[in-house]
Amino acid sequence: MADQKKEIKINSKYPSVTDLRNRAKKKMPKFAFEYLDGGCNEDINLDKNRSDIQKVELMPQYLSKFDKSDLRTELFGHTYDAPFGIAPVGLQGLMWPNSPEILAKAAAEHNIPFILSTVTTSSIERIAEITEGKSWFQLYHPAEEKVKRDLLDRSAAAGTDVLVILADVPTFGYRPRDVRNGLAMPPSMSVKNIIEVFKKPDWAIQTLIHGQPAFKTLEPYMPKGLNLKKLGEFMDATFSGRLNEERIASIREQWKGKLVIKGVVSEEDTEKAISLGVDGLIVSNHGGRQLDAGQSTIVPMTHLAKKYKDKIKIMVDSGLRGGPDIARAMASGAEFTFMGRSFMYGVGALGKEGGDHTISLMKREFQQVMEQVCCEKVGDLPNHIINK
Ligand SMILES: Cc1cc2nc3c(=O)[nH]c(=O)nc-3n(C[C@H](O)[C@H](O)[C@H](O)COP(=O)(O)O)c2cc1C
């Protein structure tokens, strides 16, 4: 497409996220794949995200005048090449070695946002270098003020565009697969997991090349040479995920750039965020990994976008798996969308080609929907929604 700077290349063996997921399942050790793929408790919320978004229907207009579709979308003063970005994911290097770097590079080349998690395996500085300071940073709220200030200073010094504070992990989600696999906090490397690693030679070789995954952003605050049990204790002591108005106000005061809260789903929290000067919300339920009894995200997002669109940017994630889902979310009123698992499936399936491939796939699919329904501008998608 003429407006897109990066060429769209798709590996024809894996033309959908389902293909990527199937391939990733074969290539990743079981404990890593299940950590990525699963939800919490009985996966009710995970499944609800999918089923509710699939209910959104679009109306095509085949006889209207049409020139071409332009996927570019403006957000926080930046024009991105498409209305989707890469959500923050922790422990990425454990799922596929070097994956935060692979995804950040692909995101920068495709001019879409990449959000770095506090607890992933690359540092703020390394990702800033790869993306030329265009990445976003997701902050898990540290217990110590000093650590918080330092993380914000480092993000600002690295040129981070947008700071995302996480609201929906006041406590770690209960995920039976991770408990079974020894991936709960503190993590453990059981004999079963070690055997799994030997069964996945590509993963093992890539891990040898790139080294054991480590919490790179957090290294300056960690005592050296922690064993796995001590690492778990350190993580528990360092992060106190529960947000409150005071904490947000204090971050707002220190952070001069755009500020986003991720995980808010209620009117009450949205009004608090607006009153505290927050610039945007990612309506999210952590991909169904935290509250099995919770709502999907498309339902509250549609409501919040209608009510608060003029006061705060409303974005969404959780359960989106391709171009039609991006279109459904944008037509329902979102100003931008994010995906977590889809991109990690891409890297798990295709290694260093996975970022470019998955972004290309999303762009291709999304563009097809835009052309099919006869929509030239992303902002006009709400005109095509049926079940308003
Ligand atoms: C394996 C995994 C790890 C995640 N780690 C984080 C994290 O460290 N910080 C965060 O804000 N969200 C994290 N999330 C949530 C994602 O940012 C995002 O909300 C979610 O993946 C969206 O749902 P989707 O996977 O269905 O696209 C994680 C999600 C997954 C699947």
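I began with the fold: E5, helix H7 (residues 145-157) and E6 form a right-handed β-α-β unit. Right-handed here means that, with the strands pointing away from the viewer, the path from the first strand over the helix to the second runs clockwise. Helices (H or I, at least four residues) and strands (E, at least two) are DSSP runs, numbered from the N terminus.

I noted the ground rules. This is a predicted model, where local features need pLDDT of at least 70 and side-chain atom pairs pLDDT 80 or more, while totals for chains, interfaces and linings use all residues. Residues are numbered from 1 along each chain as its sequence is written, and side-chain values use heavy atoms, with hydrogens and water left out.

**Strand E6**

I checked burial next (buried is under 20% relative accessible area, exposed over 50%, partly exposed in between; 1.4 Å probe, protein chains only). Five of the five residues of E6 (residues 162-166) are buried, so the strand is largely enclosed by the rest of the structure. Val162, Val164 and Leu166 point one way, Leu163 and Ile165 the other. In a regular strand the side chains alternate between the two faces of the sheet.

I then looked up the partners of E6; pairing requires at least two DSSP bridges between two strands. E5 (residues 136-139) pairs with E6 in the parallel sense over three bridges. Leu139 has Ile165 as its bridge partner in E6. E7 (residues 258-262) also runs parallel to E6, joined to it by five bridges. There, Leu163 is bridged to Leu259.

**Ligand site**

Which residues come nearest to the ligand? They are Pro88, Ser117, Asp317, Gly319 and Arg321, out of 24 around it. I counted a residue as near if one of its heavy atoms lies within 4 Å. By class, the shell holds ten nonpolar, nine polar and five charged residues. Ala, Val, Leu, Ile, Met, Phe, Trp, Tyr, Cys and Pro count as nonpolar, Asp, Glu, Lys and Arg as charged, and the others, Gly among them, as polar.

A side-chain N or O atom of Arg321 is 2.8 Å from a ligand oxygen. A polar backbone atom of Gly340 is 2.9 Å from a ligand oxygen. For a backbone N or O atom of Arg341, the distance to a ligand oxygen is 2.9 Å. Taken alone the ligand exposes 590 Å², and the protein buries 99% of that (Shrake-Rupley, 1.4 Å probe).

**Thr121**

Last, I looked at Thr121, in the loop between E4 (115-117) and H6 (124-131). Buried or exposed? Thr121 counts as buried because its relative accessibility is 11%. A polar atom of its side chain lies 2.8 Å from the backbone nitrogen of Gly93.

Terms used. Polar contact = N/O pair within 3.5 Å; in protein donor to acceptor, adjacent residues only side chain to side chain.
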